[in-house]
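Let's take a walk through this protein together. Keep the view open beside the text, and we will go from the overall fold to a few individual side chains.

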Amino acid sequence: MLWAAGVTVLFLLPQSSPVTPTSFNYTPVALLVALLMAALWWRCGRRSYRVPRSGTANAHDQTEEAENII
C-alpha cells in the first residue's frame, strides 16, 4: 500500500523545472478527471445499474419439460 502511494506521488511530480505549458505533467489533470468521473457515477449512475437475473433456473425447468414431452 505504501509503495503504491509513493509511486503515485512520483508520477504526479513535475518532470522538469521550470514548469511551462510544454513541460507540464498532465498526469494530475488526468487523475482528477478520472476521480471526478468515478464520483459522478457513484452519485448518479449506480442507481440505474441493475444486476441481471440468472436464467439458470428457467433453463433447468425448460429442460425438464422437454424431457417429459419426449
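## A walk through the chain

Val 33 counts as partly exposed because its relative accessibility is 41%, where buried means under 20% relative accessible area, exposed over 50%, and partly exposed in between (1.4 Å probe, protein chains only). Val 33 sits in helix α2, which covers residues 27-43.

A word on the ground rules. This is a predicted model, in which local features need pLDDT of at least 70 and side-chain atom pairs count only at pLDDT 80 or more, while totals for chains, interfaces and linings use all residues. Residues are numbered from 1 along each chain as its sequence is written, and side-chain values use heavy atoms, with hydrogens and water left out.

Now step back to the whole chain. It has 3 helices and 0 strands, and from the N terminus the elements read α-α-α; helices (H or I, at least four residues) and strands (E, at least two) are DSSP runs, numbered from the N terminus. Of the 70 residues in the protein chain, 4% are buried. The accessible surface amounts to about 6800 Å², with 68% of it belonging to carbon and sulfur atoms, as computed by the Shrake-Rupley method with a 1.4 Å probe, where for residues only the protein chains shown count as cover.

How far can you trust each part? The mean pLDDT (the predictor's confidence in each residue, from 0 to 100) is 77, and 76% of the residues reach 70 or more. Confidence is highest in α2, at a mean of 88, and lowest in helix α3 (residues 56-69), at 58. Where pLDDT is low, the predicted coordinates should not be read in detail.

Back to Val 33, which belongs to a nonpolar surface patch of about 570 Å² together with Val 19, Phe 24, Tyr 26, Val 29 and Met 37.

Look next at Val 19, in the loop between α1 and α2. Leaving aside neighbours within four places in sequence, Val 19 is in contact (heavy atoms within 4.5 Å) with Pro 14 and Phe 24. Phe 24 is partly exposed because its relative accessibility is 36%.

Finally, find Leu 12 in helix α1 (residues 2-12). Leu 12 touches Asn 25, Thr 27, Pro 28 and Leu 31, not counting residues up to four places away in sequence. Leu 12 and Pro 28 are 16 residues apart in sequence, yet 5.6 Å apart in space, C-alpha to C-alpha.

Note on methods:
Patches are made of residues with over 30% relative accessible area and no salt bridge: like charges are joined within 9 Å, nonpolar side chains (Val, Leu, Ile, Met, Phe, Trp, Tyr) within 5 Å. A salt bridge is a side-chain nitrogen of Lys or Arg within 4 Å of a carboxyl oxygen of Asp or Glu.
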